[in-house]
Structure formats: C-alpha cells, structure tokens
Amino acid sequence: MSHTARDLAELLAGAEHAIVLTGAGVSTESGIPDFRSAGGLWEEYDPMEVASMATFMSNPERFWRFHRPRIDMLGSVEPNAAHHAIAELQRMGVVHELITQNIDRLHARAGSEGAIEVHGSLSHGRCLRCEHRVTLEELCALADAADDGVPRCEKCGFQLKSGVIMFGEPMPEAEINAAYLAADRADVVLVVGSSLQVAPVSGLPGLVIGRGGQLAILTESETPWDDRCSIRLHGRAGAVLTETVSFLQDGSSRD
Ligand SMILES: [Zn+2]
C-alpha cells in the first residue's frame with residue numbers, strides 16, 4: 001500500500017502525543033552520506049578500526065586523523081527541508097519529542113530544541129579520565145594546535161574524545177532512557193530516514209505499537225517494521241515533510 005503526505009498529516013493531526021525518530025536518511029539531502037549505504041564512508045574505512053574505542057585508546061593519532069576533517073565536513077553542510085519541516089512540526093505542537101541517531105547537529109541548527117541524541121553528538125568534547133568537558137570549538141583548536149593532531153585534556157593530559165558514541169562505547173544512558181520514556185508516552189511514532197536496524201532505536205516502534213499506537217515510516221530503504229506500520233512513504237523526506245506541514249497548516253481548507 002502506498003500512502004501520501006496527506007495521510008501522514010491526518011495521522012499526525014489525530015495524534016495525542018506524536019514523536020519523530022530520525023536516522024542518517026534525514027541528512028543525506030544535506031550531502032552527508034549514509035555510512036551504511038553503498039558508496040558511504042565506511043567503504044573507504046573500516047569503522048571498527050577508525051571509529052572504535054579500541055583505536056581511540058591505542059592509537060589516538062590515527063583516530064583523530066580520521067575525525068578532525070570529518071568535523072569540518074559536518075560543519076560545512078546545512079540543514080535541509082526535512083530538518084526544517086520537523087522543527088516546524090515541533091513549533092506547531094504536532095510533534096512532542098524528537099529522537100535522532102544522527103550526531104551532525106543539523107536538527108538543532110534547523111531550530112529543533114531538545115533533540116534526544118541517542119548516538120551522542122558533536123556538540124562537545126570530553127575527557128574519559130576526569131570528565132572535563134570542552135566545547136567543540138575548543139576541541140578543534142586543541143587538535144589543531146597539537147603536533148600530532150590529538151587534542152588533550154588541559155586538566156589531566158589524557159586524549160580528548162568528541163561526544164559522538166564510538167563502536168565499543170556504552171550508549172549514553174540518560175538519552176536512551178529519555179527515548180524510551182518518550183516512546184512510552186507516544187500514540188504515534190514517525191520514523192524518517194532510519195532503517196531501524198540498530199539498537200536502541202530498533203526497539204522503539206514495538207513499544208508504541210504494543211500499547212496500541214501507530215507507526216509511520218518514511219525511508220528510501222526497507223525496514224523490519226514495514227508490514228506493521230499504518231503509513232508507509234518512500235519519497236524524499238524533505239519534499240514529503242514539507243507537504244505534510246502544508247496540509248497541517250491549511251487544516252481542513254483543502255478537503
Ligand atoms: Zn582529563
């Protein structure tokens with residue numbers, strides 16, 4: 001079955017507590033490749049090596065040689081129509097919580113407040129030894145000033161890490177709890193650009209459906225939840241969500 005932006009608008013309009021869950025697909029229209037898709041970043045690099053806690057601990061120079069240019073790349077892209085439409089849905093009071101797997105800060109830059117970032121975020125750097133925190137700007141300045149490109153803690157000298165959760169690193173407990181609490185309150189969950197294959201987000205649709213709620217999915221690729229969703233959309237996220245916002249703003253005038 002194929003649905004339209006109008007169907008999605010009607011589902012959201014009838015929701016008591018709608019939440020949105022986003023993954024890499026919401027940022028591809030900004031020019032950030034989905035690392036799990038063909039041609040993605042991880043075809044050139046082995047993620048288990050460069051983005052792992054093991055490399056961060058044993059070879060911080062290699063870790064930072066990969067990550068430092070990536071921070072600049074993520075800072076040079078702009079939020080797209082999908083980010084702006086989701087921020088508008090929040091401002092309209094249609095969407096209550098936003099949960100994202102993305103670390104790129106594009107939701108915040110589009111005006112979304114309080115996104116629950118379950119894979120961490122590029123917003124800051126931190127010391128794993130003494131918990132000293134620095135801003136992203138400070139982190140980059142420390143990396144750029146170091147001979148070996150490794151930013152180090154000004155309190156204890158240990159190498160600093162960005163707030164992005166690495167392979168082999170525990171998930172951020174507060175964010176995971178917040179995501180599950182949001183899903184526990186939701187009667188509608190809209191998934192945008194996530195293939196729902198990675199924990200913790202892979203468990204959220206089941207929580208909403210299990211309590212009688214409804215699931216809407218807007219992704220290019222298939223997901224394990226496709227046969228259990230109420231609304232299934234395949235178009236470009238920016239165009240579909242912009243149209244959805246228009247239907248909601250116009251109310252019943254187009255009926
Ligand atoms: Zn420290």
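Me: Glad to be looking at this with you. How many of the residues in the protein chain are buried?

Reply: Buried residues account for 51% of the 255 residues in the protein chain. Buried means under 20% relative accessible area, exposed means over 50%, and partly exposed lies in between, with a 1.4 Å probe and protein chains only. Do keep in mind that this is a predicted model, where local features need pLDDT of at least 70, side-chain atom pairs count only at pLDDT 80 or more, and totals for chains, interfaces and linings use all residues. Residues are numbered from 1 along each chain as its sequence is written, and side-chain values use heavy atoms, with hydrogens and water left out.

Me: What radius of gyration does the protein chain have?

Reply: The radius of gyration is taken over C-alpha atoms, and the globule rule is 2.2 Å times the number of residues to the power 0.38. For 255 residues a compact globule would come out near 18 Å, and the protein chain has 19 Å, which agrees. Along the principal axes, its C-alpha atoms fill a box of roughly 65 × 35 × 30 Å.

Me: What is the order of the strands in the open sheet?

Reply: Two strands pair if DSSP finds at least two bridges between them. Here six strands form an open sheet in the order β3-β2-β1-β7-β8-β9, with parallel pairing. At the edges stand β3 (116-117) and β9 (231-233), each with a single partner strand, so one side of each has no neighbour in the sheet.

Me: Which residues can I use to follow the pairing of β1 with β7?

Reply: Strand β1 (residues 18-22) runs parallel to β7 (residues 188-192), joined by five bridges. Ile-19 has Val-189 as its bridge partner in β7. β1 also pairs with β2 over five bridges, in the parallel sense, and there Leu-21 stands opposite Ile-99.

Me: Is strand β2 mostly covered or uncovered?

Reply: Mostly covered: in β2 (residues 95-100), five of the six residues are buried. β2 pairs with β3 over two bridges, with Glu-117 in β3 as the partner of Thr-100.

Me: Where is Ser-123, and what does Ser-123 touch?

Reply: Ser-123 sits in strand β4 (residues 120-127) and counts as partly exposed, at 31% relative accessibility. Contact means heavy atoms within 4.5 Å. Leaving aside residues up to four places away in sequence, Ser-123 touches Arg-105, Thr-135 and Leu-136.

Key. Helices (H or I, at least four residues) and strands (E, at least two) are DSSP runs, numbered from the N terminus.
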